[in-house]
Amino acid sequence: MLLTGQQRNTYRESGYLLVTGLFDNKTAERMIDHYMKMRAEGPKPGDSGGTPDDPDDPTHKYPRMINMHRWDGTTDGWAQQADMLAIVNQLIDDTPVLQQTMLYFKPPGGRGQGLHQDQQYITTEPLIGVWIALDESDKAVGQMTVIPGSHKFGHLPVQAADTSVSFTPVQSVIPAEASKEGINMKPGDALFFDGKTLHGSYRNTTKDRWRRSFICHYIGEHAVNFEPEQGTHVSHLRSS
Ligand SMILES: O=C(O)CCC(=O)C(=O)O
């Protein structure tokens, strides 16, 4: 899939790009079926149900899965889908190397995730995330929320997140002037975002709608690791 110059420019300037219909509806449905069955099998390596201080958060019953591609060939196939790799290639100007896969279930009532930069976790440049909606994703279900242009802020300090709304304990210190944008997405739509783009989400406020998403992270074949500045990596907060 060839991106237009305008799409590449949007990614460069805003730090993210929405590509609608990257996967068709049937594939999004197959993903839901596949991962719901996998979740029902029981715990998987690296599961995270979030901080324990909100015991009623249904995320504890549907923890997010990580790195399924390491032990599930079907996940690896979806993460190495030709159009997805082609788009990543054009956005990072390098051959993509799959770094991480995740599945967020976000059941009705589930907490969101405090806004953060992915390079607070994965210290490689370049880094790109791809967030694929499996359900309709809007404000009510706690859609992906980004701060346009925040990839130009550099690496921001980390701070403790408000775990009454975030299932993870760490978030970024958000500059006062930053304004957030919620991204409406349909099943199969994909959001590509830079490793420095501030993003996260709020609680799923519905009683009956899920917000499942398949998430992949890629680095480039020529990517380099960097040493995070003091105070800008999640491990710095945990040890302080
Ligand atoms: O889905 C969310 O709430 C946040 C996802 C996220 O942080 C990511 O895709 O890197």
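Here is a short tour of this structure, with something to select at each stop.

**Before you start**

This is a predicted model, in which local features need pLDDT of at least 70, side-chain atom pairs count only at pLDDT 80 or more, and totals for chains, interfaces and linings use all residues. Residues are numbered from 1 along each chain as its sequence is written, and side-chain values use heavy atoms, with hydrogens and water left out.

Helices (H or I, at least four residues) and strands (E, at least two) are DSSP runs numbered from the N terminus.

**Stop 1: strand β3**

Select residues 96-104, which make up β3. Is this strand buried or exposed? Of its 9 residues, 7 are buried, so β3 is largely enclosed by the rest of the structure. Here, buried means under 20% relative accessible area, exposed means over 50%, and partly exposed is in between (1.4 Å probe, protein chains only).

Now look at the partners of β3. Two strands pair if DSSP finds at least two bridges between them. β3 runs antiparallel to β12, and 8 bridges join them. To see one place where they face each other, pick Pro 96, which stands opposite Gly 220 in β12. β2 also pairs with β3 in the antiparallel sense, over 2 bridges; there, Ile 66 has Met 102 as its bridge partner.

**Stop 2: strand β5**

Next, select residues 124-133, strand β5. Here 8 of the 10 residues are buried, so this strand too is largely enclosed by the rest of the structure. β5 and β12 run antiparallel and are joined by 9 bridges; show Thr 124 and you'll find Asn 225 of β12 opposite. β5 pairs with β10 as well, antiparallel over 5 bridges, and Gly 129 has Phe 193 as its bridge partner in β10.

While you're on this strand, zoom in on Pro 126, which sits in β5. The peptide bond leading from Glu 125 to Pro 126 is cis, with omega near -5°. Most residues other than glycine have a negative phi, and most peptide bonds are trans.

**Stop 3: two residues with positive phi**

Go to Asn 67, in the loop between β2 (65-66) and α3 (73-79). Its phi is near 55°, a positive value in a residue other than glycine. Asn 67 counts as buried, because its relative accessibility is 11%.

Then hop to Asp 93, in the loop between α4 (82-92) and β3. Asp 93 isn't a glycine either, yet has a positive phi of about 55°. Asp 93 is exposed, with a relative accessible area of 70%.

**Stop 4: the nonpolar cores**

A nonpolar core is a set of buried Ala, Val, Leu, Ile, Met, Phe, Trp, Tyr and Cys residues joined through side-chain atoms within 4.5 Å. Which residues have the most contacts inside the largest one? Select Tyr 35, Met 84, Phe 192, Phe 214 and Tyr 218, in a core of 32 residues. Elements supplying at least two residues each include β1 (16-19), α2 (25-40) and β10 (190-194). A second, separate core has 14 residues, among them Ile 66, Met 102, Ala 133 and Met 185.

Leaving aside neighbours within four places in sequence, Met 84 is in contact (heavy atoms within 4.5 Å) with residues including Leu 22, Trp 78, Val 130, Phe 192 and Tyr 218.

**Stop 5: the open sheet**

Find the open sheet of 4 strands, in the order β4-β11-β6-β9 with antiparallel pairing. Its edge strands are β4 and β9 (181-182), each pairing on one side only. β4 and β11 are joined by 2 bridges, and Gln 113 has Ser 201 of β11 as its bridge partner.

**Stop 6**

On a 1 Å grid over the protein atoms alone, a cavity is a set of points where a 1.4 Å probe fits but cannot get out, and a pocket is an open set with protein on both sides within 12 Å along at least five of seven lines; lining residues have an atom within 4 Å of a point. Grid points are joined across faces, edges and corners, and a volume is the space filled by probe spheres set on the points.

The largest pocket has a volume of about 430 Å³. Among its 26 lining residues, show Met 102, Tyr 104, Gln 113, His 116 and Tyr 121, the closest to its centre.

Finish at the largest cavity, with about 90 Å³ of space. Of its 13 lining residues, Thr 59, Tyr 104, Lys 106, Arg 111 and Phe 167 lie nearest its centre.
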